[in-house]
Structure formats: structure tokens, C-alpha cells
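Trainee: I would like to learn how to read the features of a model like this one, and I would be glad if you gave me the general idea before the particular case.

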Amino acid sequence: MKRYIAFAGLALALLQGTTAQTIVKPSVKTKTTFAIVTDSKSYEAAKNEIDAYRASVENEGLGTYLLIDDWKTPQPIRELLIDLHADKKAPLEGCVFVGDIPVPMVRDAQHLCSAFKMNQTMAWHRSSVPSDRYYDDFDLKFDYLKQDSIYTNYHYVSLRADGSQYLSPDIYSGRIRPLRAEGMDKYQLLRDYLKKVVAEKQQTNVLDQLTMARGHGYNSEDLLAWSGEQIALREQFPQLFRPGHTVKFYDFTFQFPSKNMYLNEVQREDLDMMLFHHHGHTDVQYINGYEMPGNVQENIESIKLYLRSKLPGRAKKIGKEAAIAEYAKRYNIPESWCEEAFDPEKQKADSIYNYHMDIHMEEIHQLRPNARFVMFDACFNGSFHLDDYLSGSYIFNPGKTIATLACSVNSIQDKWPDEFIGLMAAGMRIGQFARLTCFLENHLIGDPTFRFTPNVNAGFDINQALVLKEGDIAFWKKQLYSPLADMQALALRKLSDADYKDIVPLLEESYYHSDSFMKRLEALRLLVLNHPTQSTDVIKAALNDSYELIRRYAGEYAEKNGSNELIPAWVQSYLQRSQEKRLRFKIMGGIDAFPYADVKAEIEKQVASMTLYNRNHADALLAQLPRQEKSMERDIETITNPKSKASYVRRDLRTFRNHPVGGKPLDMLLAFVKDGSRPVDQRIIAAEVLGWYNLYHNKAIIINSLKETKANDEALKKEIQKSIARLEGKNR
């Protein structure tokens with residue numbers, strides 16, 4: 001398909017049943033533009049509603065293109081968006097995909113995800129990432145692989161080595177893809193949704209009602225992580241904490257099952273924003289675990305419930321009577337308790353009990369969610385490529401929810417989901433929020449142009465500034481003194497993006513001298529992500545920061561930086577803050593990052609200088625060190641032994657993606673990649689793993705070693721090239 005666009009003066013009307021590409025130019029002149037990308041059938045079925053939606057966007061001062069075709073592959077769409085964005089008179093700032101638009105299934109890009117690391121030898125529809133970063137991040141380069149023969153809307157693409165290896169979307173994007181559940185008319189859902197978007201855009205609605213809700217098991221259920229976010233939101237949304245405005249914080253422990261109060265809350269007519277933190281799947285929000293028992297009888301019933309969940313499965317393997325005897329002996333309990341596991345009435349009651357602990361997609365279909373924006377900090381809730389998906393259920397209904405933000409695959413818990421969220425009170429479009437905070441898996445479901453009526457003053461049009469002031473160092477330096485905490489943080493990000501020459505001292509000053517959690521965390525992240533050799537001192541300080549999320553990030557960064565200079569601060573953080581569940585989790589995750597003998601000596605040194613009631617927590621870490629050392633030695637032995645089973649070698653190599661350890665493991669990996677006697681598929685894995693050392697304090701030795709590595713295999717060459725680009729490139 002030839003790449004030609006509306007600059008030639010096209011202003012065509014779509015004819016009934018036509019399959020030719022149609023491009024309608026904006027009807028108003030504006031400083032930036034927007035594009036609605038839709039398929040011919042969806043436009044034919046919802047022409048009036050799509051046209052009305054387009055008019056409503058233009059009424060807000062955003063000229064809007066209409067791009068219509070029977071899109072067979074994703075490439076022509078991407079090419080059109082790139083061209084529209086390149087129009088200097090009115091560059092494209094965002095787009096929305098309406099209806100049946102090809103879904104890019106991205107492969108060979110797991111380093112752009114927050115957590116997804118599935119073996120790509122598994123079925124492609126499972127081991128690829130549904131991602132619209134293909135459409136909105138123009139510095140990424142892809143090779144088109146194939147169309148799925150069963151799921152024909154899936155198009156597999158591979159991230160190339162000669163493009164960017166970090167995410168920095170040029171435009172924002174959103175998906176309006178109606179559900180395809182039984183008994184639903186997808187085109188009627190589309191028409192109804194667009195009507196409510198148009199109606200909502202006509203309202204004046206400031207962001208003055210926010211609710212945050214937490215599910216079980218998230219962030220280790222750490223109360224400090226929970227309270228820290230509440231304090232941070234106070235900094236980001238100071239106006240919400242004033243009289244007449246409302247902020248609510250819900251926890252799964254408040255009520256059992258808590259889904260009842262959560263679903264009541266999300267249907268509040270005046271609710272502007274709902275922030276969910278929980279585990280999830282494509283069709284479930286996991287809210288509650290089993291209720292905590294409060295007395296002897298409840299403890300007994302809890303044990304019986306556990307037995308009923310385990311025994312039927314065990315009985316299928318060894319027989320009912322043997323399973324009963326096994327569990328009765330193991331736990332020293334009456335066999336009668338075990339026999340209840342096979343009672344049909346008990347099984348039925350358990351099934352109902354388990355169902356009511358969580359929020360299920362079919363329940364959302366029957367509700368009227370009204371929170372204008374809902375964020376799902378969870379895995380899989382945003383699997384928009386499926387016929388029926390949970391985040392879509394929140395917008396395709398009679399309620400007033402306009403947009404949701406969710407993940408198409410699994411997502412890491414330890415992230416900053418609220419980064420820049422306070423700027424939405426200044427009128428920032430939801431699409432811009434999504435663009436600034438995305439991973440490969442994050443997707444905005446719904447209208448990305450939606451914005452709240454500003455109730456804080458940024459002093460300028462923030463949406464235009466995010467497009468037209470890109471790279472304007474003088475402008476963003478002024479915003480360092482904005483009264484808005486998130487604007488100060490955004491200014492740091494934009495100066496970093498613009499390669500401001502004094503960025504390192506600015507980031508150091510911002511961390512050491514700011515009382516803003518947002519600015520300090522942004523400074524820490526930008527310094528560590530892009531200047532690891534100069535970040536050691538700030539990481540030391542951040543390990544004891546007053547904001548829990550900064551401490552948690554510092555725990556992760558200490559491991560990935562790997563400098564021995566961090567050992568005293570790392571040990572001190574463990575000894576003084578081991579009671580903090582999630583920070584302890586991050587610190588213990590980095591136990592292999594430093595020489596074990598040096599860590600042991602530092603523990604003994606610090607304990608000797610402390611006045612302790614007991615030293616159990618110190619002894620626990622000391623006891624763990626030799627176990628970790630033996631485990632690491634086994635992994636290295638497995639990898640380096642040519643006689644090891646190939647699957648074990650591949651498995652143990654990949655462990656260093658999550659935990660990029662220096663010292664012996666790094667030396668081993670560098671030698672492994674160069675070893676021409678090793679199978680090329682294993683060398684490719686090792687080369688890919690070395691790309692995960694991009695935050696290492698001395699990554700120059702890795703870059704130099706990879707550049708010296710001789711590779712005759714083309715796939716190995718590309719993987720080495722990709723890792724070098726990751727190590728030398730920027731991060732966000």
C-alpha cells in the first residue's frame with residue numbers, strides 16, 4: 001500500500017462498502033492534531049457516532065484526522081502515523097484505534113516489559129506481547145514475521161537490533177475495541193460507548209473525587225508501602241485533601257469479602273478516579289485471600305477449607321483413602337476432617353465462597369461503573385486482544401467510565417504506577433499520562449483525549465507543551481520551580497530526554513535538596529537509569545530515604561548497580577529496616593550482588609557497633625550467605641560444564657536477567673558468549689542476558705567485551721548488537 005496522506009488535500013467521504021483507504025483531514029486548524037484509526041465495517045456501523053466523537057475532540061481544540069481502511073496488516077497504519085507526526089505545522093500528538101484494528105504481537109523485546117519473560121519457544125500467541133508501542137513509538141524498529149492463522153487479527157513482529165532499545169513513545173494511543181461476548185452486539189457497544197464519551201466531554205468535571213483500593217498479596221501487603229503511597233498522593237493532589245473534595249483509601253482487610261464495597265464505590269456517580277492495586281488475570285481482579293480466623297473454631301474451619309482445596313487433587317494421583325491417611329498423618333488431624341473434602345455440598349459451598357472473594361468480568365457486565373478513569377495496577381486485566389477482557393468491561397456499559405489503564409500481560413509489582421498522575425488535575429489528557437508511564441504491556445482502553453477540567457494551574461497548556469516544547473531546555477528549566485510537585489519531576493524527565501549537559505549535577509542537587517517525594521524519586525531513577533557510574537552515592541542515601549518507594553527502588557538499584565561501595569549502605573538498610581516487608585524483599589533479592597565474604601565482614605562490623613536486644617535478624621542474613629554462595633556455585637557449574645543438560649544451561653543462564661550479578665557470574669557470561677565451542681542458541685541467550693546489565697556500575701567492560709566478540713552466526717550478531725545498544729542507550 002502506497003504511503004500517501006492528507007497533505008495533498010484529500011477530504012473524501014466514505015462510500016458504502018468501499019475498501020479503499022480514506023483519509024479525512026481535520027476540519028479545524030490547531031497547533032497539534034489527533035487521529036482516529038478505524039476499520040471500514042466499524043465506520044459503516046457507527047458512522048454517526050464516530051463523526052460525533054471526532055467533532056467533540058475538535059471542539060476541544062484538537063484537529064482530528066479520520067483514517068479508514070480494511071487494514072490487513074499494521075504497517076500502513078504505523079507509516080501514516082509517522083507521517084502525520086512529522087507535519088511541523090500541526091504535529092500529531094495521539095491516536096485512537098476504533099474497532100477491528102490489527103494487534104501487533106511483539107517478540108524479542110522482553111526487556112521493554114516490566115516483568116514478562118516467557119520462553120519464546122512456547123505458542124506464539126502466548127509468548128508474544130500484544131502491544132501498541134508498535135504504533136506509537138517510532139524509534140523502535142520491527143521486522144514483520146507473520147499473521148496468526150487462527151487469531152487472524154494478531155500480527156507477529158520482531159524488535160530489530162538497529163532501532164531503539166528503550167521506550168519513548170512519540171505519540172499517545174488508545175484502544176476502543178468492543179467486547180465480543182455472547183449475546184453482545186459489538187457495534188452497538190461501540191455506538192453506545194462513543195455516545196457517552198461525547199456526552200461526558202460536554203460536562204465540566206474537575207478531578208475532586210479519588211479512591212484507591214488494595215487487594216491481598218500485593219507488595220507483600222506492606223503497610224509502609226500502602227501508607228507511603230497515600231502520603232505521596234497528598235503531594236500530587238493537594239487540592240483533593242481540602243474541604244469539599246474526597247479521597248478514600250480502601251483495603252481488602254476492611255471487610256470480607258471486600259469486593260462488595262469496591263464495586264459499590266466504583267459505581268459512585270461523582271467518582272473521578274479509581275486506582276486499583278491487586279493481582280489479576282484476563283477476567284478477574286483478585287481482591288481477597290481466605291479470611292483470617294479469629295478464634296479456635298474459625299481456625300479449625302480454616303484448616304478444613306485448606307484440606308478441601310488440596311485433597312481431591314491428591315486423591316486423583318494416589319486414591320481417596322491413601323490421600324486421607326497421608327494428610328491426617330502429616331498434620332496430626334482427625335481423618336473425619338479430611339473426609340469432608342469429598343462432600344459434594346461442601347465442594348459446592350467452597351466454590352461459591354471462592355467466587356465471591358474476587359471481582360469477575362461477568363459481574364462487571366452487569367454493573368454501571370462511573371469512575372471516569374480506572375487504573376488497574378495488575379497483571380493481564382488489559383488483554384485487549386481477547387474477545388472479552390476485564391478493562392474493556394468497565395467502559396462498554398451504561399456507566400460513565402471513559403478510560404481504563406491496564407496491562408496486556410503480567411506486570412511487575414514494584415513500579416511507580418502514580419508517576420505524573422497529579423498532572424491530570426491540571427488538564428493533562430489521559431493519553432499523555434499513559435505515554436509518560438508506559439511499559440510494552442501498558443494500554444489505555446477508551447478515549448485517550450479525555451481530560452478533567454483543570455482545578456490546579458500549570459501556567460500553560462500542558463498538552464501542547466508536551467508536544468511543542470519537546471527538547472526546549474529553557475522552558476523545562478523554568479518548570480523546575482513550578483508549585484506542582486509532578487511538574488518539577490516532569491521537568492527533570494524532559495531535561496534528561498533533551499540531553500541537558502548539566503543533567504547529572506542537576507539530578508544530584510534535586511535528590512539531596514528537594515523535600516518533594518516526586519522530585520527525589522524522579523531524580524534517583526533518571527540518575528540510575530542513565531548514569532549508573534555516577535549514581536552510587538545517591539543510591540546510598542536513597543536506601544534510607546523517608547519515602548518507602550524511594551527506599552524500595554534503591555534496594556533494587558543497589559543490586560543492579562553492583563558496586564562494592566554500596567555494601568555498607570546495603571547492609572545497614574537490612575539491619576535497620578528488615579521489618580519493612582517489601583524493602584526486605586528487594587534487599588534479599590540482591591544478596592548475590594556483592595562478594596559474600598565482604599558482606600559477612602560488613603555485617604559483623606556494623607553489628608559490633610550497634611546496641612541490640614538480640615541479633616537474630618543479623619544472624620539470619622549471615623546464615624543465608626553460605627547457602628546463596630553454594631547455590632551460585634551450582635548455577636555456574638551447570639552453565640560452564642559442557643556435559644550439562646542443555647535445558648538446564650538455558651534455564652540457569654536466564655536467571656541472570658532478573659538478577660544481573662557482577663563478579664564471577666559476569667566473568668562467566670562474558671567468556672560464555674565468546675566460546676565458539678558452545679551451542680549458538682546458548683550463546684545467544686548469554687548475549688541477551690548481558691543486555692540486562694544496563695544499570696551496572698562498570699558496564700563499559702561488558703560493552704567492550706561484546707564488541708570484541710567474534711560471531712559468524714547472524715542471529716548471534718544481532719543479539720550482541722541489541723545488547724550493546726541497550727548498554728549504551730538511554731532508559732526511562
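Trainee: Where does the charged end of arginine 330 sit?

Mentor: A charge sits over a ring if NZ of Lys or CZ of Arg is within 6 Å of the ring centre and within 35 degrees of the ring normal. Here the charged end of arginine 330 is placed over the ring of tyrosine 327, at 4.7 Å from its centre, and arginine 726 lies over the face of tryptophan 692, with 4.8 Å to the ring centre. This is a predicted model, in which local features need pLDDT of at least 70 and side-chain atom pairs count only at pLDDT 80 or more, while totals for chains, interfaces and linings use all residues. Residues are numbered from 1 along each chain as its sequence is written, and side-chain values use heavy atoms, with hydrogens and water left out.

Trainee: How many aromatic pairs does the count come to?

Mentor: Rings of Phe, Tyr and Trp (its six-membered ring) pair if their centres lie within 6.5 Å; planes under 30 degrees apart count as stacked, over 60 as edge-to-face and the rest as tilted. By this rule there are 24 aromatic pairs. The rings of tyrosine 151 and tyrosine 154 have centres 5.1 Å apart and planes at 15°, so this pair is stacked. For accessibility, buried means under 20% relative accessible area, exposed over 50%, and partly exposed in between (1.4 Å probe, protein chains only). Tyrosine 151, at 37% relative accessibility, therefore counts as partly exposed, whereas tyrosine 154 is buried at 5%.

Trainee: Which parts does the pair of phenylalanine 256 and tyrosine 353 tie together?

Mentor: Phenylalanine 256 and tyrosine 353 form a tilted pair, with 5.7 Å from centre to centre and 35° between the planes. Helices (H or I, at least four residues) and strands (E, at least two) are DSSP runs, numbered from the N terminus. Phenylalanine 256 lies in the loop between strand E11 (246–251) and helix H8 (259–266), and tyrosine 353 in helix H12 (residues 344–355), so the pair ties together parts that are 97 residues apart in sequence. Phenylalanine 256 is partly exposed, with a relative accessible area of 26%, and tyrosine 353 is partly exposed at 27%. Elsewhere, ring pairs link Tyr250, Tyr262, Phe276, Phe376 and Tyr394 into a cluster.

Trainee: Which residues have the most contacts inside the largest nonpolar core?

Mentor: In soluble globular proteins, nonpolar side chains tend to be buried together. A nonpolar core is a set of buried Ala, Val, Leu, Ile, Met, Phe, Trp, Tyr and Cys residues joined through side-chain atoms within 4.5 Å. The largest core in this model has 154 residues, and Phe373, Met424, Leu524 and Tyr693 have the most contacts inside it. Helix H20 (residues 517–530) supplies the largest share of this core, nine residues. Apart from this core lies another, of 32 residues, among them Leu67, Ile77, Leu140 and Leu167.

Trainee: How should I read a helix such as H2, and what covers its buried residues?

Mentor: The expected span of a helix is 1.5 Å times one less than its number of residues. Helix H2 (residues 47–59) has 13 residues and reaches 18 Å from its first C-alpha to its last, close to the 18 Å expected. Among the buried residues of H2 are Glu49, Ile50, Tyr53 and Arg54. The elements that cover the buried residues of H2 include strand E2 (33–39), strand E4 (92–98) and helix H6 (186–201). Glycine 61, whose phi is positive, near 90°, follows H2.

Trainee: In which sense do E2 and E4 run, parallel or antiparallel?

Mentor: Two strands pair if DSSP finds at least two bridges between them. E2 and E4 run parallel and are joined by six bridges, with cysteine 95 in E4 as the bridge partner of alanine 35. E4 also pairs in the parallel sense with strand E9 (residues 172–176), over five bridges, where arginine 175 in E9 is the bridge partner of phenylalanine 97. Seven of the seven residues of E4 are buried.

Trainee: What is the order of the four strands that form an open sheet?

Mentor: The order is E6-E5-E8-E7, and the pairing is mixed. Strand E6 (129–130) and strand E7 (142–147) are the edge strands, each pairing on one side only. E7 and strand E8 (residues 154–159) run antiparallel, joined by five bridges, and leucine 159 in E8 is the bridge partner of phenylalanine 142.

How values were computed:
Contact = heavy atoms within 4.5 Å.
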